[in-house]
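This report concerns the side-chain packing and pairing of a structural model. The sequence and structure are shown first.

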Amino acid sequence: MLEVIELHSHYGTAHILQGLSLAVPLGKVVSVLGRNGMGKTTLVRSIMGLTPPEVRSGDVRYQGEALRGLSPYEIARRGLGLVPQGRRVFRSLSVLENLTLAARGPQGNGKPAWTLSRVFALFPRLEERKHQRAGTLSGGEQQMLAIARTLMTNPSLLLMDEPSEGLAPLLVSQLRDQILALKETGIAILLVEQNLGLAMALADEVYVIEKGMVVFNGTPQDLEANPELRQRHLGVG
Amino acid sequence: MPLTFYLVQAFNGITFGALLFLLASGFTLIFGLMRVVSLTHGAFYLLGGYIGLTALRPLGNFGLAVVAGALAIGLVGVLIERFLLRRVWGQPLAEALLTFGLAFILADAVLMIWGGDPRNVPIPRFLRGSVVAFGLFFPKFRLFTLLLGVGVALFLWWLLACTRVGRIIRAGVDDLEMVAALGINIRAVFTGVFCLGSMLAGLAGVVGGAFLSLYPGADAEILLLGLVVVILGGLGSLEGAVVGSLVVGLLDTFGKAFFPELSYFTIFGPMALVLALRPRGLFGRV
């Protein structure tokens, strides 16, 4: 349903994405792995229409429609939901206000709509904290809020950028269970990660990128079976 | 000095603060969301005042003249935002130069149309004279300005705290890009906020035309005071605009009463102090 075709993105004079292509099929979790500075966040921003970077060539298609040139809000309204790197919750708003700010009803994608009660069932902690200012939440709670806030827009595809960044191992495993629960609902997820364990546990399909290009594409099992590749591109044995 | 002197000066300071708030609230709202320091705000005030003055005769009603000034400047604001500011959005220097240049153009246009003699918007009959209390005279028009300022403050507080648009504005102050990425057309919100801020400047102009008077140069004077208000209070903060307006209104009034030859110092001294010790202002976040 999401196709990235030969995308070239630039930050000023730096050519970050160099003809990157990938696809996220309906209802699947696709992980993009790569070390820092390899273009993971640039990829997410380019898909979402956020500038910088500047997309100079290539295409992003979603359910057959070209997204390139649309504004971020138009892209979001077509069903893409961004869970950004660094959470970026609205710090001065309460948890409840963060959730209701961008809430959109059912989007006609055939799935039951996300509501406050469904979101609170997935993240009970947020219900306990619903009147608290988002800026006072812990890192793990802010991550839950960042995901929940996006779910309230009822996206059919989630773009998650390094959700495990800065979280303690216990919280990462909790996050894994929560994303698994999301996967059960049939939502498609493009998961950009540095945490190999998390990506491997969740993904149906893995891409490894290096210097803005895809150097591996296959199942987690294929990557598991290829220690040399993991060592070279991800720095883990 | 007798106590009554202080009471009268405090009343004058607070009511002048209310007039400043009408101007500064829109200014700070626009900056908080859009990060645009709109230097046309003073010109909007003056133009709004003259439009109110001209509209008063055919409309025959001060209230309607205030509405006319506000609506006209709201429209001017929308046109400037959509067709000019939008082209340079995100480039602070270009924005400052554009709004500064527009301020000159509007000021010249005003001079051409209404001439250089000071003009007053006549105070409506029912607001002339004073209310007498504790043996002191409180001019009715100043009381009216105070009530208007309180009313606008309450309206803005309600808008920001209790409405969806207000949530979007506050979220935009925190993280504009993320608001857009959640599917909200932030450009439309920008236009709305710029329109609202401009309307408040136009409204302040008509009231100011009766409170003070209208003359070439009044635009720059009021803009300067408005800038001091938001620097003191903190750019982008409504509470800051309330407190900053009162402080500047009082400082200006007492300064002129005690040290008339130092009247600029009594305002800019405290501003410099705040800039040095707390650059984001009393309530500001940036």
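The sections below treat nonpolar cores, aromatic rings, charges over rings and salt bridges in turn.

**Basis.** The model is predicted, so to speak of local features requires pLDDT of at least 70, and side-chain atom pairs count only at pLDDT 80 or more, whereas totals for chains, interfaces and linings use all residues. Residues are numbered from 1 along each chain as its sequence is written, chains are lettered from A and ligands numbered from 1 in the order in which they are written, and side-chain values use heavy atoms, with hydrogens and water left out.

**Nonpolar cores.** A nonpolar core is here a set of buried Ala, Val, Leu, Ile, Met, Phe, Trp, Tyr and Cys residues joined through side-chain atoms within 4.5 Å. Buried means under 20% relative accessible area, exposed means over 50%, and partly exposed lies in between (1.4 Å probe, protein chains only). The largest core has 116 residues, of which A:Leu2, A:Leu22, A:Ile47, A:Leu80, A:Leu159 and A:Leu190 touch the most other members. Its largest share, 14 residues, is contributed by helix H7 (residues 186-211) of chain B. Helices are DSSP runs (H or I, at least four residues) numbered from the N terminus. Apart from this core lies another, of 32 residues, including A:Val89, A:Val95, A:Trp114 and A:Leu145.

With contact taken as heavy atoms within 4.5 Å, and residues up to four places away in sequence not counted, A:Leu80 touches A:Leu2, A:Ile47, A:Met48, A:Tyr62, A:Leu67, A:Ile75, A:Pro155, A:Leu157 and A:Leu159.

**Aromatic rings.** Rings of Phe, Tyr and Trp (its six-membered ring) pair if their centres lie within 6.5 Å; planes under 30 degrees apart count as stacked, over 60 as edge-to-face and the rest as tilted. Over all chains there are 16 aromatic pairs. One of them joins B:Phe62 and B:Phe144 edge-to-face, at 6.1 Å centre to centre and 70 degrees between the planes. Because B:Phe62 lies in helix H3 (residues 62-83) and B:Phe144 in helix H5 (residues 140-162) of chain B, the pair ties together parts that are 82 residues apart in sequence. B:Phe62 is buried at 7% relative accessible area, while B:Phe144 is partly exposed at 24%.

B:Phe144 also pairs with B:Phe141; their ring centres are 5.5 Å apart and their planes at 40 degrees, so this pair is tilted. Both residues lie in helix H5 of chain B, three residues apart, about one turn of the helix. B:Phe141 is buried, at 5% relative accessibility. Elsewhere, B:Phe5, B:Tyr6, B:Phe254, B:Phe258 and B:Phe259 form one aromatic cluster.

**Charges over rings.** A charge sits over a ring if NZ of Lys or CZ of Arg is within 6 Å of the ring centre and within 35 degrees of the ring normal. The charged end of A:Arg118 is placed in this way over A:Trp114, 3.9 Å from the ring centre, and that of A:Arg149 over A:Phe90, 4.7 Å from the centre.

**Salt bridges.** A salt bridge is a side-chain nitrogen of Lys or Arg within 4 Å of a carboxyl oxygen of Asp or Glu.

| Salt bridge | N to O distance |
|---|---|
| A:Glu54 and A:Arg56 | 3.3 Å |
| A:Arg125 and A:Glu128 | 3.9 Å |
| A:Arg232 and A:Glu228 | 3.1 Å |

A:Arg125 and A:Glu128 both lie in helix H5 (residues 124-128) of chain A, three residues apart; A:Arg125 is partly exposed at 36%, whereas A:Glu128 is exposed at 58%. A:Arg232 and A:Glu228 are four residues apart in helix H10 (residues 227-234) of chain A, so about one helical turn separates them. Salt bridges that share partners join A:Arg45, A:Arg88, B:Asp175 and B:Glu177 into one network.

Conventions
Helices (H or I, at least four residues) and strands (E, at least two) are DSSP runs, numbered from the N terminus.
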